[in-house]
Amino acid sequence: MTTIQVRDVSHQFSNQEYVLDNINLNVREGSIYGFLGPNGAGKTTTLRLILGLLKKQKGEIEIFGKPFDNHRIEILSKIGSLIESPSIYGHLTAVNNLKVWQKIYQSPDNRIGEVLELVGLAHTKNKKASQFSLGMKQRLGIAIALLHSPSLLILDEPTNGLDPSGIVEIRELLKSLNQHHGITIIISSHLLGEIEKLVTDVGIINKGKMLFESSLADLMKRQHQASTIYFDTNDSATAIKLMHQHKIEAQIEKERIVVSQLSKQGIAQVNQTLVANSIEVYGIRAVENDLESIFMNLTNN
Ligand SMILES: Nc1ncnc2c1ncn2[C@@H]1O[C@H](COP(=O)(O)OP(=O)(O)OP(=O)(O)O)[C@@H](O)[C@H]1O
């Protein structure tokens with residue numbers, strides 16, 4: 001089942017240009033969906049629209065298979081969210097912060113202990129939230145979002161500003177919530193490297209347009225296809241002429257021939273052609289582009 005379906009949603013603030021332009025987005029039940037894009041791409045606006053924090057101007061949003069507009073309360077009762085920084089009272093402990101929200105959500109008393117355990121803050125006892133590290137504050141924000149036992153978590157850049165160990169902690173927490181508690185998660189980020197070890201699906205947005213949406217496995221496949229091949233030969237000038245005759249885009253870099261995007265069969269054919277034309281091939285090496293550079297290529301174009 002699809003947990004979130006966004007169809008042809010556009011949005012503009014006042015009469016300025018559209019910050020979202022007919023975007024489509026599908027979050028599968030049970031997935032961890034990485035919503036990626038550079039600063040200002042439209043991630044927060046999209047998440048706010050999904051949560052009904054902004055009034056939808058155009059398009060359709062369905063959550064848990066139901067139109068958001070007609071089932072708002074029912075849908076929101078099953079969503080936990082953390083948009084930008086968490087609303088935390090610095091002068092209160094983690095428990096007392098949670099008590100404030102517990103009254104609003106009317107969740108049972110024992111839920112406070114449960115969520116503190118889940119996010120790894122059970123040991124903080126009398127420590128005030130103002131004395132928490134940024135990572136602890138984010139985890140408290142997630143604890144608040146979990147109080148009413150949601151089946152969907154919507155998180156806007158929860159790892160922003162965290163140090164590497166804080167990022168790992170949040171990643172492990174979200175993985176566990178997904179795998180052991182069956183919570184579907186959509187998490188936005190402007191850094192693919194930060195969430196590629198976490199997500200199962202990826203959507204990439206730039207300048208208000210969705211550029212790409214697929215499973216992480218598909219993105220990795222694309223990464224494999226986008227590898228760069230290096231040929232070392234005894235006669236680069238003739239070799240590159242032969243490649244151009246066979247309509248292969250190649251260039252010479254530091255006396256090596258560089259070809260991007262060539263299948264395994266393509267590599268074998270090039271090798272055969274070179275050898276058949278008496279060129280000595282000393283080495284062939286394929287280097288995969290990292291996911292980050294694919295993301296950069298998608299968002300730069
Ligand atoms: N309340 C607002 N009024 C006018 N313009 C806005 C408002 N909120 C956002 N924008 C603009 O909409 C565009 C998308 O912003 P949004 O916050 O959705 O991007 P983002 O991808 O979440 O970026 P970031 O990672 O920087 O938060 C930006 O150009 C931003 O300046």
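Two strands count as paired if DSSP finds at least two bridges between them. The model shown in these views is predicted.

**View 1. Strands β4 and β5 form a hairpin.** Two residues lie between the strands. F64 sits in the turn and has a positive phi of about 50 degrees. β4 and β5 (residues 66-67) pair in the antiparallel sense over 2 bridges. In β5, P67 is the bridge partner of E62.

**View 2. Strand β1 joins strand β4.** β1 covers residues 2-12, and β4 covers residues 58-63. The two strands run antiparallel and are joined by 5 bridges. Q5 has E62 as its bridge partner in β4. E62 also has a bridge partner in β5, namely P67.

**View 3. Helices α5 and α6 pack side by side in a right-handed crossing.** Two packed helices are described by the angle between their axes and the distance between the axes. Here the axes of α5 (residues 134-146) and α6 (residues 164-181) come within 9 Å. They cross at roughly 20 degrees. Angles under 35 degrees count as roughly parallel, and α5 and α6 are therefore roughly parallel to each other. On the α5 side, the contact involves L134, G135, Q138, R139 and I142. These meet G166, E169, I170 and L173 in α6. By class, the contact has 4 nonpolar, 3 polar and 2 charged residues.

**View 4. Four strands build an open sheet in the order β12-β13-β11-β14.** Their pairing is antiparallel. β12 (250-253) and β14 (281-287) stand at the edges. Each has a single partner strand, so one side of each is left without a neighbour in the sheet. Neighbouring strands are turned by 25 degrees against each other on average, direction ignored. β12 is joined to β13 (residues 256-260) by 4 bridges. In β13, I257 is the bridge partner of I252.

**View 5. Helices α9 and α10 lie across strands of this sheet.** Helix α9 (residues 236-245) lies across β11 (228-233), β12 and β13. α9 runs at about 165 degrees to β12. Helix α10 (residues 264-276) lies across β11 and β14. α10 runs at about 165 degrees to β14.

Definitions and conventions: Residues numbered from 1 in each chain as written. Predicted model: local features only at pLDDT ≥ 70, side-chain atom pairs only at ≥ 80, totals over all residues. Axes fitted to C-alpha atoms, helices over the stretch in contact; angles between N-to-C directions. Parallel < 35°, antiparallel > 145°, perpendicular 65-115°, else oblique. Left-handed = near helix turned anticlockwise from the far one by under 90°. Contact = placed C-beta atoms within 7 Å. Nonpolar A, V, L, I, M, F, W, Y, C, P; charged D, E, K, R; others polar.
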